[in-house]
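Please keep the sequence and the structure in view while going through the points.

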Amino acid sequence: MRPYTMQPVGPPTVKPPVPPAPDSPTGTDAPAFAPPGPPAPRGSAADLVTDLTLFALFYGGLLIAFTEMGHRLGVYPAVWPTDALAVGVYFLMFRDAVGRLSAVVALVSIVVHLVAFGHDVGTALAAGCANALTFALVGWGCVRAGMERGALRSVPMVVSLGVVAVAGTLPGAIITAFVQFIDTNGAFGPLLLRWWIPEMASVVLLLPPFLLWHGRAEDVGLRGSEGSRPKFSREEELAFASLTLAASLVASAYYREPLLRDLGGAILLWFAFRLGLFATAVASSAYALAVLGLGMAQVWPQPLLLTDLVATMLRLQARLVLVMLPALLIAAIMAQRSRQQREVQEDRRRLAYALEGANDGIWDWHLPSDAVFFSARAHRMLGLDPDHAKKRLTDYGEVVHPEDLPAVAKSLKDHAEGRHLLFQAEMRARHRNGSWLWVLVRGKIVERDPVGRPTRAVGTVTDISQRKHLEAALEHAASHDPLTGLSNRAGFDRALEQARRRLVRDGALFAVVLIDIDYFKSVNDQHGHMAGDLLLTTAARRLQSAIRAGDLVARYGGDEFAIIAAGKSREEFAAMADRLHKHLSRPVEVEGLALPSSFSLGMAVADDRTLDAAALIAEADAALYAAKDAGRGTWRAVGIAARTAEEAAHETPRRQMLPHSGLRADRRPPQ
C-alpha cells in the first residue's frame, strides 16, 4: 500500500504572488505566481489520525441522521444512502485507504448502535460488520474495475458499476437479514430484499457523480464533437433540460400522476444523448432524490398506509435503478462516441497539418470502377478547383506528361505484381496555367479481391518541382562551364561516348573539332583578363550560332573549344570546318577596342568503328597541331579525302597523324 495521502475537493487554488528575493532588487529571479501543483502529501501520523477522525465523525453523523429520519418517516431501512455516500467521499478525498476506512466504518457503526440506539452487542457487531463489508466491497470493486478518479466513461464501466452494486452490497445485507431473521423468526427472503435493495439502489443512484467528479471538466457530451456551432450554448441547453426535468416532477406531484413522473426517464435520455455523462449522473441522482422525497411524503399515487410505505419505497428505488442505468449506459456510449469523434478530428487535423507541412496531397483510387479521390491540397497543387473535382482517374489523363506515362504504368504494375512493396514514380503534371511541374506519386494497394486482383490503392502526391529545378541546376553546373555556358570537359566526354556508340550501332558518322584561340596569352597580357573573358564568350556565342541542332559545342580547356558534329559525308564535314573558321575569324570589337581574332582548328572524322574515343581525340589534337605548324589561323583535318588542290592544302593524311597521336599534355606551341 502506498503512503497515505488526502486530496482536497474542488479545483486547485492559485498561490498569492511571490515577493522578490532579498538579493534580487528587480525581482526577476522570482516568478510572479507560483504554478499550482499536486496536493501536499499528508503522510504523518498526526495527519492520518486527523483524517480518520474527520471521516469517523462524518460517517457517524450520516448513520445517526438517516437512521433517525427513516424511523420518523416509517421507511427504515427502505431508504439507506449512508454507505454509498461514504464510498463517494472516499473517492473524492482519499487514496488507497479502503482498509483503514473500513475499520473506521465498523468501529463507528458498533459504537453508534451501542450508545445512540441502545442495541445489544450482537446486533451492534452485526451492523458494524455489515456496514464495513459493504463499504469495503463497493470501494474495492470500483477501484478494481477502474472506475475511480473519473474513469466511469465507458459501457464496461457502467456495467461494472451495476455488478459492484449488486454483488458488493449483498454480503452485508445477508448478515443484517440473518440477524433480524433470528430475532424475529420472519421470512428470510423479504428481510434480505428489505436490506439489500436500498443498499444496491443507493450505489447506482448516488455514487456516479462522485466517481465522475474529477473528470467533469473534460465531459462535454456529444455537443463537444459537433462540427457546426450549436444554436444554444451548453449552459443554456443544460439549464433548459434541468428545468424540464424539474417541471415534470412538479407536475407529477401536483396531479399525482405516475405517468408524468415516468416522463423524467425520457428527459434523462436527453441528458444522456446531449449533455455528457457527468451531467446525466448528477441529473439522475437529483431526480432520484426528489422522487424518493416525494415518495416518502406519500405524494403518489395516493396517501398510503404506513405498513405499505416500506414496500412502496423498495419498489420505487428498484424502478429508479431501471430508469437510471439505461441513461448512464447511453451517456457512456455517447461519451465514448464523442471521445472517438474528437480523436478522429484531432487525427485528421494532425494529418492535414503534417501533409500541409510536407507539401503532400492524398489520393484514393478504386480500380474496378476507376473512381478516384484527390484531396483539396492535391487539387490546389495543380491549380484546380476542389469543388469541381473529377470523379474518374481517366479524366486526369491529360494532366500527366505523355513521356512519363510508361514509367508510371511500369511502376504500378511492378507493385501490383509484388515486385515492389510500394508504388512510386516521378512524373510531370500539367498545371492549370499550362506549365509543367514535377510531382512524386507514392502509394500502396490496400485492398484486393478474393482472387488477388487489386481493388483499391491509396497514397500521396508531392510537388517536387523545386527539388527537380535544384537538381537540374546542379547537373547543369556540374556539366557546363560557368563563364561561357557551354558544356564542360565532362559533358563533352559523355556526348563523345554516345556518338561513338551510335557509330558502332547505326554507322552514323560524326566529326570531332578542336578549336584553339591563337595568341590568347598575349591578349590577356596586353588587355587584361576581362578582355580575355570577352574573347572567350564571343567565341562561344559564335560557335553556338554556327553549329546545327543536335551538335555539341564545349569548352574543352582554358582557351580551347571542342565540337561534336554529325554528318553524312566527309565533304559535308570539310564545308562545316571551313564555315566555322570563317565565322570565328571575324574581328572582335568592343567599346572601341579591337581584339585579334585568330583561331586554329583541328578535325578528325570518325569513320572507323574500332576507333575509341581517346584515339579520335588524339587525331583531332594532331590535326590542330598541324594547323598551328602551318602558321595558325587555319584548319586541318584527318580522314578527309582531298578533291581539289585548295582542299588538299587543308588535308593531312591519317597515316601521317597517327605517329603524333595521343592526348596533349605539355606539347602546346608558343602563344
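1. How many bridges join strand E6 to strand E7? In this predicted model, strand E6, covering residues 436-448, and strand E7, covering residues 454-463, are joined by nine bridges and run antiparallel to one another. Within this pairing, Leu440 has Thr462 of E7 standing opposite.

2. The two strands belong to an open sheet of five strands, whose order is E4-E3-E7-E6-E5 and whose pairing is antiparallel. Its edges are strand E4 (371-374) and strand E5 (423-430), each of which pairs on one side only. On average, and with direction ignored, neighbouring strands of the sheet are turned by 25° against each other.

3. Helix H12 (residues 405-416) packs on this sheet, where it touches strand E3 (360-366) as well as E5, E6 and E7, and its direction makes about 155° with that of E5. Helix H13 (residues 465-479) also packs on the sheet, touching E5, E6 and E7, with a direction that makes about 125° with that of E6.

4. A separate point concerns the surface, where Leu107, Val111, Leu114, Val115, Val121 and Leu125 form a nonpolar patch with about 540 Å² of accessible area together. The elements giving two or more residues to the patch are helix H3 (98-115) and helix H4 (121-145), and the largest share, four residues, comes from H3.

Notes. Residues numbered from 1 in each chain as written. Predicted model: local features only at pLDDT ≥ 70, side-chain atom pairs only at ≥ 80, totals over all residues. Heavy atoms only, no water. Patch = residues over 30% accessible without salt bridge, like charges linked within 9 Å, V, L, I, M, F, W, Y side chains within 5 Å. Areas by Shrake-Rupley, 256 points an atom, 1.4 Å probe, with all protein chains shown as cover. Salt bridge = Lys/Arg side-chain N within 4 Å of Asp/Glu carboxyl O. Pairing = 2+ DSSP bridges. Axes fitted to C-alpha atoms, helices over the stretch in contact; angles between N-to-C directions. Contact = heavy atoms within 4.5 Å.
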